[in-house]
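Here is a brief report on one chain.

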Amino acid sequence: MRQTDRHYKFDWLTIILFFILVGFGWLNILSATYGGETIEYFNLSKLYSKQLIFIGFSLVLIVFILSINGKFYERFSSIIYLASLLLLAGLFVFGKNINGATSWYPIGSFTLQPGEFAKVATALAVAKYVSDLNTDIKKFNDQLKTLAIIALPALLVLLQPDAGSTLVYGAFFFVLYREGLPHIYLIVGALLIALSIFSLKFGITSTLLITTTLVALYYFTRKKRPSILQPITVLFLSTALAFGVRFFYENILPEHQKDRITVWLSLENDPEKLEKMKKTVAYNLNESEKAISSGGFKGKGFLEGTRTTGNFVPEQETDYIFSTVGEEWGFIGSFLTVLVFLLLIIRILILAERQKTQFSRMYGYAVGSILFLHFMINIGMVMGLIPTIGIPLPFFSYGGSGLWGFTILVFIFIKLDSNRINEW
């Protein structure tokens, strides 16, 4: 193998899957913003034309990322991370408020959302810190330091406020779990989520009765019973959590987020209030579900979706873009879209396992986890399976910052993986 050939070998399957998603995503943005007029590809007043420019700039980013030595991303990960924190903090001084969130820098007629790039910087920083020889993720002090690296950008995003994007930082839990984070965190995390949902849905009394029963069964069926303090502590913490979740939901949670949870868990029993919520809080979701169901098995055809072209679904080109897929491409198109997403994520995880360095492996897992969480939350939201959470569908939702952020995220890993491919 010649030295000059070493820089041009990449995992083309990942690259092809990426471009399939970006290309199909653009077609759906065109459908979601099409009003029956003549299509003008270079008219910047049209969102689909702007997205074409964003895609073109993504190609420039790809060339730039792949031309840099892969070791650069590990060596300068701390600087990249600090720069991302400064950009997030700067929003509170220079940022532009859109729909109640100060998440964008105004740049002429465009806006830039640094939160989309902070996920890349955090992935690099976490991979760098945990892969350091002096770090042992099984030690509590190192776990706290890693948590701090993740929590700083997450907190800055939450303060914008952007609760949806903050949830994406939970993806790093899967990365740390792969690297040896104790199982107890997974068990406790799952139990806390289940207990919180159960206490909202069925009330505090029912939650405590079930918790007490389960703890008692665990305690009295053990051959070697633990100290009585253990079940008492569990019951005390469960009670505190149940009351705390209920108090937070009723007194602290912003009204619009409270309403979304109310709709999702069907907590409202008053028929009049429920009907009113369907026309206000749940309007986007209801229209999205109607658009998806109207597509049937084969779909209505490209640019033929009546609910899409009629602008029945608000924000359809961004958070609700998957409803366009459902209406115009039907079950077949939706299934194939999900399949390509899963193939890309699985491929990235397979490549991550093949990496020879912990840094590259961890970064690969971060890429796969972030894509999976975005994909799962967005599609689940559009179909009413989870509460409405405003985060984009990777490569599909309109916006330059989102597309560039995901492009950088994926192609840094492709570059890191190329070091493995191009080894002598």
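## Terms

A salt bridge here is a side-chain nitrogen of Lys or Arg within 4 Å of a carboxyl oxygen of Asp or Glu. The model is predicted.

## Overall fold

The chain has 18 helices and 3 strands. Its radius of gyration is 23 Å, close to the 22 Å that the globule rule gives for 424 residues, so the chain is as compact as a globular protein of that length. The C-alpha atoms fill a box of roughly 70 × 60 × 45 Å along the principal axes.

Of the 424 residues, 46% count as buried. Among contacts between residues at least 6 apart in sequence, 69% join residues at least 24 apart.

## Salt bridges

The whole structure holds 8 salt bridges. One of them pairs Glu287 with Lys290, with the closest N and O atoms 3.7 Å apart. Both residues lie in helix 14 (residues 283–294), 3 residues apart, about one turn of the helix. Glu287 is buried at 6% relative accessibility, whereas Lys290 is partly exposed at 43%. A network of salt bridges links Glu287, Lys290 and Arg307.

## Links across the sequence

Arg178 and Glu353 meet in a salt bridge at 2.6 Å, N to O. Arg178 lies in helix 8 and Glu353 in helix 16, so the pair ties together parts that are 175 residues apart in sequence.

Glu327 and Lys300 also form a salt bridge, at 3.0 Å. Glu327 sits in helix 16 and Lys300 in the loop between helix 14 and helix 15, 27 residues apart. Glu327 is buried at 0% relative accessibility; Lys300 is partly exposed at 32%.

Conventions: Residues numbered from 1 in each chain as written. Predicted model: local features only at pLDDT ≥ 70, side-chain atom pairs only at ≥ 80, totals over all residues. Heavy atoms only, no water. Helix = DSSP H or I, 4+ residues; strand = E, 2+ residues; numbered from the N terminus. Rg over C-alpha atoms; globule rule 2.2 N^0.38 Å. Buried < 20%, exposed > 50% of the residue type's maximum accessible area, 1.4 Å probe, protein only. Contact = heavy atoms within 4.5 Å.
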